[in-house]
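Here is a short note for a colleague who is new to reading structures. Please keep the model open while going through the points.

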Amino acid sequence: MDIVLLTAVIASLFVVIAMAEPLAARLSLPYTVILAVLGILIGGGAVFFLRTDVTDALNPVAEAILALPIRSNVFLYVFLPTLIFQATLEMNVRRMLDDWVPILTLAVVAVVVATLTIGYALSWVSGLPLVVCLLIGSIVSTTDPSAVVSIFRSLSAPRRLARIIEGESLLNDAAAIALFGLFMSFVMLGVPDPDLGGALWSFPWLLGGGALGGMIAARAALQLMHWFARYELAQLSVSVAAPYLAYIGTEQLLGASGVIAVVATGLTLNLMGPARLAPAFWTNLREIWALLAHWAGALIFILAALLIPRLMGEVRPGDYALILVVILAAFLARAVILFGLMPLLSMTKLSPVIERPYRVAILWGGLRGAVTLALALAVTESLRVPVETKRLVGILATGFTLFTLMVQGTTLRWVISRLGLDRLSPLDVALSNQVVAVALQTVREEVASTTENYDLTRETVRSEAKRFAERLDQAVARADAEDNTEILDRDRITLGLIALAGHEREVILSRFRERAISARLSETMLFEADRLIEAARSGGRFGYQRAARRALRYGPSFRSAAFLQNRLRIAGPLAQMTADRFESLLAKRLILRDVDGFIDSRIRRIHGRRVAELLHELLSRRSEAVETALEGLRLQYPGYAEELERRFIRRASLRLEEREYAAMRDDGLIGAELHTALMADIGRRRQKAEGRPALDMALRKKELVRQFPLFADLDDGELRRLSRALHTRYFNAGKVIARKDSSAHSVFFVASGAVEQEIAGQTTRLGRGEMFGQMSLLTRRPRRAQITAITPTSLLELDEAGFRRVLKRSSALRQAVRVSMSEKALTDAAERMPELARD
């Protein structure tokens, strides 16, 4: 084909892509449906003009369109990695991890159920070989979530629901393509009835090997980008190469799923990239990949649609019945997942409760698209597949895709309207009236100030003010209507908390853009803010409070790190997590102070004084909890908070200095060359300021011991020996430290946190500086108490030999032991101990 003509055709397709988006918005149809329709019209038009005798003028263009080098490999190896990789970069992976059970279950189980249901139904009706029917089932079991997700977002559907659909669809494609590869190999080998057990047995390696290959590729890409840190274009080039090398390398070297490898590459970069790459570069990378994915998604859809007239060219009357069987079986399989499996997951608390209208919308929104057509094309191109099999696969996959696009896609918004998902609740209507009234009052004040500053014509100002006042009066009247009295205070509190958490999210993003907080820390804090929003939406005030407490809790990863420190003396992971927690608490304290003003400036005007006061109280409790947690770390690691605060000040000063130089350049006070030199100097200093001070947990014990009143009379030499003998132990809240009737071989000193001591049904609490375990150790009797951590607690453990040695040298410690042995029997025992001899 002439390169000039080919270039002109491709450029024209980009014009079609540009027209599709506004046309879809104008017609209220999914974007992918418009692309498919345009592609079919172009392909059908090319066939018509090539075969008609009306004119020959358009024959070269028609021949160029029909001769486009559209092969399945183009879709699978060029476009598909781009789409999948960009989707994983945009995911909130930490939020996805909360729902990994329903996502994986729906993705893998839904694909297997759909493949088997369609395959066996088609085999039973048509008499085709089972392996061919299963191949068709795997081809049509991929779903395109873009239409239903975009509509759900426009309807303000629960974010968690949209996340599950996106995650399920991403892994759904990967699992379906992996199954397609299995059954395609059986078809090419001529195996009519494959051993499903053996086929499914190899399925885990396709997934696991793909994940392994993707993680290796992502880590290699991150290392290269770190080496090229000063060259942004080089880093972007590495990011472009990563998904393709992961895809090809995993398939060729490991024999696993290349699609899963691309998913793993993107997810690994999503998790690790913000912490290792510069914030500005990470933002640019995601924007560039968003553009690449937009073009790739549009091209894959429109090019696949061009093939539809060709694939449907040999359709026979009996094929329509088989298409109907595929449609019914696919709906049945998806209904089993949505109305059978999903409620079961909700009952077991593994998935959010999804209301029936949403499940119906998801069922009807299971559109098929470019991936289905690309897989069908791969079958039709294979020389090792029988001709009749190729014809049936092409027709059934294409016919089913056309049904989902032309019937489901065009009626999806109507179905959602009939389900009532596009209507606001009475609460939302009432609240919106108040929000509009408050907003218009604010606008009137600002417009009045603007007109005064610019000294506009008085008559014009008076005329426009009258018009605006009429609109404002109407808004106030609606806000004061009787219906608005139905908004209960608890509903106002819930809406206020959602707005408050949403503003907290905006503040975090603002601080990240200003480089006041790191990309890694901002990701974590945004994750917590999203949790607050969803918890407030589903659980109101109590859900918000639970989510706030959960954000300060030590999780399973901390327990694993504490185990490494307690048992194996490996302090690195715990030190890293503790340093992360330290930095997070410092940033959270500053952000909560910024958020507090939002209550009075915005929420009070909408929801009233009572709601605002309650929100102030809830936010104050969060601030107190943050201060308490921060103070515990300050006491445990003296000086480290000061280093972090110094780092914050340095970063803030660099940001202000950078802003000042930029203003001077814009005002012409300094030239471009000087500005470049100043920016390079700031870059060097910022690189030093970005580094976080190391937290050496072992070296802090001496400072801790020196603050204990029990060791106040020890000299420096004895304090050094004692700090070396002490071992740090970490326990999460609720963890049992010592059980009743167990033997004591050491004494514990509370460094931070608090423990609860239960003896004969009575409980006492021990805090920082207090000890326990000394009585059982000295008297050699079983423990009489059970000790439990009631907050995240750090303890200093001293073995028996070390405790007896220190007891001889510290009169304060001896006195404390005597006080703890208050009962007569223990007092007599204390008198006979040489370590407790009277001073």
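1. The model is predicted, so local features need pLDDT of at least 70 and side-chain atom pairs count only at pLDDT 80 or more, while totals for chains, interfaces and linings use all residues. Residues are numbered from 1 along each chain as its sequence is written, and side-chain values use heavy atoms, with hydrogens and water left out.

2. Strands of a sheet pair through backbone hydrogen bonds, either parallel or antiparallel. Here two strands pair if DSSP finds at least two bridges between them. Helices (H or I, at least four residues) and strands (E, at least two) are DSSP runs, numbered from the N terminus.

3. Five bridges link β1 and β8 in the antiparallel sense, and H727 is opposite E797 in β8.

4. Strand β3 (residues 746-752) is largely enclosed by the rest of the structure, because seven of its seven residues are buried (under 20% relative accessible area, 1.4 Å probe, protein chains only). β3 is joined to β8 (residues 793-799) by six antiparallel bridges, with V747 opposite L798. With β6 (residues 771-772), β3 forms two bridges, also antiparallel; the bridge partner of F749 is M771.

5. Another open sheet of four strands runs in the order β2-β7-β4-β5, with antiparallel pairing. Its edge strands, β2 (736-738) and β5 (762-766), each pair on one side only. β4 (residues 755-759) and β5 share five bridges, and Q757 has T764 as its bridge partner.

6. Helices α7 (residues 130-140) and α19 (residues 387-418) pack at about 30°, with axes 10 Å apart. That makes α7 roughly parallel to α19 (angles under 35 degrees). Residues V132, I136, I139 and V140 of α7 meet T389, V393, L396, A397 and F400 of α19.

Definitions and conventions: Buried means under 20% relative accessible area, exposed over 50%, partly exposed in between (1.4 Å probe, protein chains only). Axes are lines fitted to C-alpha atoms, for helices over the stretch in contact, and angles run from 0 to 180 degrees between N-to-C directions. Angles under 35 degrees count as roughly parallel, over 145 as roughly antiparallel, 65 to 115 as roughly perpendicular and the rest as oblique. Contact means heavy atoms within 4.5 Å.
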